[in-house]
Amino acid sequence: MLLIENLVKSYPGQHGQDAMLALRDVSFKVEEGSFFTLLGPSGCGKTTTLQCIAGLENPDTGVIQMGDRAVFSSRENLLVPANRRELGMVFQSYAIWPHMSVFDNVAFPLVYGVKRAPSHEVRPRVLKALEMVELGHLADRPAPLLSGGQQQRVALARALVHEPRLLLLDEPLSNLDAKLRDTMRTEIRNLVKSLGITTLFVTHDQVEAIGMSDQIVLMKAGKIVQQGSPRDIYLRPNSVFTADFMGRSNLLPGVLEAGGATGRAQTAIGLISGVAGPELAPGAQVMVVVRPQAILVAPATEASGPNRFKARVDAMTFLGDVVETEVEVGGRKLTLMLDPYTALSVGQELVLELPPERCVIVPADEPASSG
Ligand code: ATP
């Protein structure tokens, strides 16, 4: 549905400074009907990527293909203007027009847009789009008299009224309060999935990305660091950056003894068996990534064996869903998330089990680049 190849984009430098490289060779492919997310910290190039796809910015080089036609290609000197790309877009500042009713806001692209609809089609299409976002009953209301969540739904209806093949959403939930954001997350995902619209979503919030996406591209400083399903990226990070960005983890520095799926690394707490990336060779400086939920508490009688370590409970915080537990192992601190029924107390000696398939061995340094 959407193919991005080797996108490079620079912005002119300000005040005599060098040009700023916002995208450095970005490539990815979005399957038809999927919910695809560009995730990353502020300034990593998510919005620039989206704007290049929308046609609001032009890349320096690269190819953007939608369906079977290219809409941008530096090689062929080809550029399809924004208004001919048949996209729906919703941005952070949802920009609905305050002097118009809900109905007129949604009708705008059909009445004044490039692809105008015959006048007898406007009303039924607007009402259908408003029904989709459950705002049919508010069609005649002036737009400013809506709540933030309702205004965001109007923006969504306006983006969908043309039945676009590709929907671009740039942080559409960030102006909403936390509770409404949760509801809208589910609503947006269910809606675009039921309509079968391919969606490209931009966010810096990893929880949002994990909960909504089929695929995630994680970006850093204009490059893709990792791409995969939320599960892959969370459970199988390829770098310290991904591990850190996607949630909490214990990071244990070490040296690789053996690579591959049955890898081993020597760390300060002892030898840890885990899954190592194919690029890692014995002797490499590595980091063993262990999520706090990955660690099990084994019976004290089973102190020996691979990936078992004696530990002592340092602190426990009861959080309801989980008990955040700090333990000391061989002079290092690890964090565990235990279930709230676990009966442990501070000072207690115990044995930790780190299942090897839950220990991910990544390079100690940041990845130089990846596609
Ligand atoms: P955020 O989450 O903060 O919106 P982002 O990941 O979407 O960040 P971009 O907006 O794509 O990042 O910006 C990427 C880089 O390009 C940043 O360093 C930014 O300062 C720079 N940049 C973006 N737009 C322009 C512009 N019009 N002129 C100059 N530099 C720009």
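## Crossing of α2 and α4

A crossing of two helices is called right-handed if the near helix is turned clockwise from the far one by less than a right angle, and left-handed if anticlockwise. In this predicted model, the crossing of α2 past α4 is right-handed.

Two packed helices are described by the angle between their axes and the distance between the axes. For α2 and α4, the axes cross at roughly 30° and come within 8 Å. The two helices are therefore roughly parallel, since angles under 35 degrees count as such. On the α2 side, the residues that meet α4 are V102, N105, V106, F108 and P109. Their partners in α4 are V154, A157 and R158.

## Length of α3

Helix α3 covers residues 119–132, which is 14 residues. At 1.5 Å a residue, α3 should span 20 Å, and the 21 Å between its end C-alpha atoms agrees with that. After α3 comes E134, which has a positive phi, near 60°.

Which residues of α3 are buried? They are V126, A129 and L130. These residues lie on the same side of α3, because they cover an arc of only 95° around the axis.

The face turned away from this buried side carries exposed residues, namely H120, E121 and P124.

## What covers α3

The buried residues of α3 are covered by elements that include α2, residues 102–112, and α4, residues 148–160. The α2 and α4 that take part in this cover are the helices whose axes cross at roughly 30°.

Key
Residues numbered from 1 in each chain as written. Predicted model: local features only at pLDDT ≥ 70, side-chain atom pairs only at ≥ 80, totals over all residues. Helix = DSSP H or I, 4+ residues; strand = E, 2+ residues; numbered from the N terminus. Expected span 1.5 Å × (residues − 1). Buried ≥ 20, exposed ≤ 12 C-beta atoms within 10 Å, placed from the backbone. Arc of directions from axis to C-beta. Contact = placed C-beta atoms within 7 Å. Axes fitted to C-alpha atoms, helices over the stretch in contact; angles between N-to-C directions. Parallel < 35°, antiparallel > 145°, perpendicular 65-115°, else oblique.
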